[in-house]
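Reader: Good morning. I am new to reading protein models, and I would like to go through one with you. Could we start with the contacts between charged side chains?

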Amino acid sequence: MLVIREATTLADLAAMRAVFATIWGEGGVPELNLIRAVHWSGGYASVAEVDGDVVGGSFGFVGVVPDLHLHSHITGVLPGQQDRSIGFELKQHQRRWCATRDLAVIRWTFDPIVRRNAWFNLRRLGAEVESFHPDFYGEMHDLLNAGEHTDRFVVRWDVRTAEPVALVEVPSGAELFALPADVMALRSTEPDRARAIRMELRAALDGRRVAGITDAGEYVLVS
């Protein structure tokens with residue numbers, strides 16, 4: 001049975017962090033003392049349990065720029081558990097947590113060339129791309145980002161109104177940008193091509209914004 005609940009103890013926070021460390025490596029997650037301090041001062045932390053075992057979690061903090069919101073810093077689900085809608089349920093828990101605190105907006109970042117995450121964020125959750133930032137985090141050394149540019153979209157999710165989005169038709173005058181089906185695999189087999197796609201997207205975003213994503217995994221870019 002799946003249970004999503006707020007982390008309440010130091011042991012909960014440690015179990016949450018252990019999930020993150022399994023996914024990103026020790027060099028890619030905050031230290032437990034920082035997680036504890038943020039949580040103690042009103043930040044967000046949750047765990048996803050399957051039959052009593054922690055298999056996922058989410059951690060964030062309250063931000064004030066450009067307006068009051070929850071910044072969802074890191075969310076992860078263990079390999080082998082990722083096709084059970086656990087990530088979706090973690091985001092719904094965030095939504096309920098914010099609703100009880102009069103926080104209307106959640107923001108987070110994601111790598112814009114990871115198609116699976118793009119589709120989940122924009123279509124399943126109904127978040128919108130708010131801004132694009134090349135090399136947002138600078139150089140990173142974790143298992144997923146080492147050696148890569150850390151370009152990121154910042155997405156905005158209005159917890160009062162956002163719903164899953166069905167893209168009925170592509171607006172006239174829009175440009176489509178096709179994402180690779182699995183950029184993580186492409187980094188292993190064709191790293192130069194994976195880097196080229198990132199640079200191509202940077203160029204395509206110059207003067208344009210993302211209006212959505214198609215069923216085929218193409219960003220809809222409009223001026």
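Predicted model: local features only at pLDDT ≥ 70, side-chain atom pairs only at ≥ 80, totals over all residues.

Reader: Where in the chain do Glu-175 and Arg-208 lie?

Author: Glu-175 is in strand E8 (residues 175–178), and Arg-208 is in the loop between H6 and E9. The pair links distant parts of the chain, 33 residues apart.

Reader: And is Glu-175 buried, exposed or partly exposed?

Author: Glu-175 is partly exposed, with a relative accessible area of 30%. Arg-208 also counts as partly exposed, at 32% relative accessibility.

Reader: Which residues do salt bridges with shared partners join into one network?

Author: Asp-111, Glu-148, Arg-152, Arg-187 and Arg-198 are joined in that way.

Reader: How many salt bridges are there by this rule?

Author: The count comes to 18 salt bridges. One of them pairs Arg-202 with Asp-135, at 3.5 Å from N to O. Arg-202 lies in helix H6 (residues 191–204) and Asp-135 in the loop between E6 and E7, so this pair ties together parts that are 67 residues apart in sequence.

Reader: What about Arg-160; with which residue does it form a salt bridge?

Author: Its partner is Asp-158, and the closest N and O atoms are 3.0 Å apart. Arg-160 is exposed, with a relative accessible area of 59%, whereas Asp-158 is buried, at 13%.

Reader: Let us change topic to pockets. How much space lies in the largest pocket?

Author: The largest pocket holds about 1,400 Å³ of space. Its lining has 40 residues, and those nearest the centre are Trp-24, Thr-75, Gly-76, Asn-117 and Leu-144. By class, the lining comprises 16 nonpolar, 15 polar and nine charged residues.

Reader: And the second largest pocket, which element gives the most to its lining?

Author: Strand E9 gives the most, with five residues. This pocket has about 270 Å³ of space and is lined by 17 residues. The lining divides into 10 nonpolar, two polar and five charged residues.

Reader: One last topic, the surface. Which residues make the nonpolar patch?

Author: Val-62, Val-64, Val-65 and Leu-68 make a nonpolar surface patch of about 390 Å². Val-65 is in the loop between strand E3 (53–63) and strand E4 (69–77).

Reader: Why does Val-65 count as exposed?

Author: Val-65 counts as exposed because its relative accessibility is 66%, and the cut-off for exposed is over 50%.

Technical notes. Residues numbered from 1 in each chain as written. Heavy atoms only, no water. Patch = residues over 30% accessible without salt bridge, like charges linked within 9 Å, V, L, I, M, F, W, Y side chains within 5 Å. Areas by Shrake-Rupley, 256 points an atom, 1.4 Å probe, with all protein chains shown as cover. Salt bridge = Lys/Arg side-chain N within 4 Å of Asp/Glu carboxyl O. Helix = DSSP H or I, 4+ residues; strand = E, 2+ residues; numbered from the N terminus. Buried < 20%, exposed > 50% of the residue type's maximum accessible area, 1.4 Å probe, protein only. 1 Å grid on protein atoms, 1.4 Å probe; cavity = no way out; pocket = protein on both sides within 12 Å on 5 of 7 lines; lining within 4 Å. Points joined across faces, edges and corners; volume = space filled by probe spheres on them. Nonpolar A, V, L, I, M, F, W, Y, C, P; charged D, E, K, R; others polar.
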